[in-house]
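Reader: Hi! Could you walk me through this model?
Author: Happy to, here it is.

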Amino acid sequence: MTSIAVNDMNTLGLGLDLDSRYLEAEKEMLFRRTCKLVELENARKNAERAKPVKKNAMEEVKKAAEGEFEQICKVAKQEIVQLNQERVEMLQKNLIQWCEQQLQTAKEGADAYNQHLQAFIAMA
C-alpha cells in the first residue's frame with residue numbers, strides 16, 4: 001500500500017508541478033504580448049492625432065510597433081504549440097511510468113500473497 005501511495009504522489013506531484021510551470025510560462029508570454037498590443041494601440045492613436053509636421057514620424061513609429069507585435073504573435077503561436085506538445089509528451093511519459101510502477105507494485109503484492117499462501121500450505 002505504501003508503494004502505491006508513493007507512486008501516486010510522485011506521479012501526481014510531478015505532473016502538477018510541470019503543468020503549473022508550463023501555464024506560468026504561457027501566462028507571462030501572453031502578458032508581454034498584451035503589453036505590446038497596448039503599445040501598438042497607443043502608437044495608432046498618436047499617429048491618428050498627429051499634426052502634419054509629425055505625421056510621418058508617427059506613422060514610422062506605428063509601423064515599427066505593428067512589426068514588433070506581429071513578430072511577437074508569430075513567436076507566441078509557435079511557443080504555445082511547442083508548450084502544448086511538451087505537456088502532452090510529459091503526460092504520456094508520466095502515465096507510462098505510473099503504469100509501470102503500478103505493475104511492479106502489483107507483482108510485488110502477488111509475490112507476497114504467494115509466499116503467505118505457501119506458508120499456510122506448509123502449516124497444513
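Author: Let's begin with burial in H2: Lys 62, Ala 65, Phe 69, Cys 73, Ala 76, Leu 83, Asn 94 and Thr 105 are buried there. Buried means under 20% relative accessible area, exposed over 50%, and partly exposed in between, with a 1.4 Å probe and protein chains only. This is a predicted model, where local features need pLDDT of at least 70, side-chain atom pairs count only at pLDDT 80 or more, and totals for chains, interfaces and linings use all residues. Residues are numbered from 1 along each chain as its sequence is written, and side-chain values use heavy atoms, leaving out hydrogens and water.

Reader: Thanks! How much of the chain is buried?
Author: Buried residues account for 15% of its 124 residues.

Reader: And how many helices and strands does the chain have?
Author: There are 2 helices and 0 strands. Helices (H or I, at least four residues) and strands (E, at least two) are DSSP runs, numbered from the N terminus.

Reader: So is the chain spread out or a compact globule?
Author: Its radius of gyration, taken over C-alpha atoms, is 29 Å, well over the 14 Å from the globule rule for 124 residues, so the chain is more spread out than a compact globule. That rule is 2.2 Å times the number of residues to the power 0.38. The C-alpha trace spans about 105 × 20 × 10 Å along its principal axes.

Reader: Which residues form the largest nonpolar core?
Author: Leu 40, Ala 43, Ala 65, Phe 69 and Cys 73, 5 residues in total. Helix H1 (2-49) and helix H2 (52-123) each give two or more of them, and the largest share, 3 residues, comes from H2. Such a core is a set of buried Ala, Val, Leu, Ile, Met, Phe, Trp, Tyr and Cys residues joined through side-chain atoms within 4.5 Å.

Reader: What does Ala 43 touch?
Author: Beyond its neighbours within four places in sequence, Ala 43 is in contact (heavy atoms within 4.5 Å) with Val 61, Lys 62 and Ala 65.

Reader: Switching topic, how many disulfides are there?
Author: The structure has 0, a disulfide being a pair of cysteine sulfur atoms within 2.5 Å. For Cys 35, the nearest cysteine sulfur is that of Cys 73, 13 Å away. Cys 35 is partly exposed, at 35% relative accessible area.
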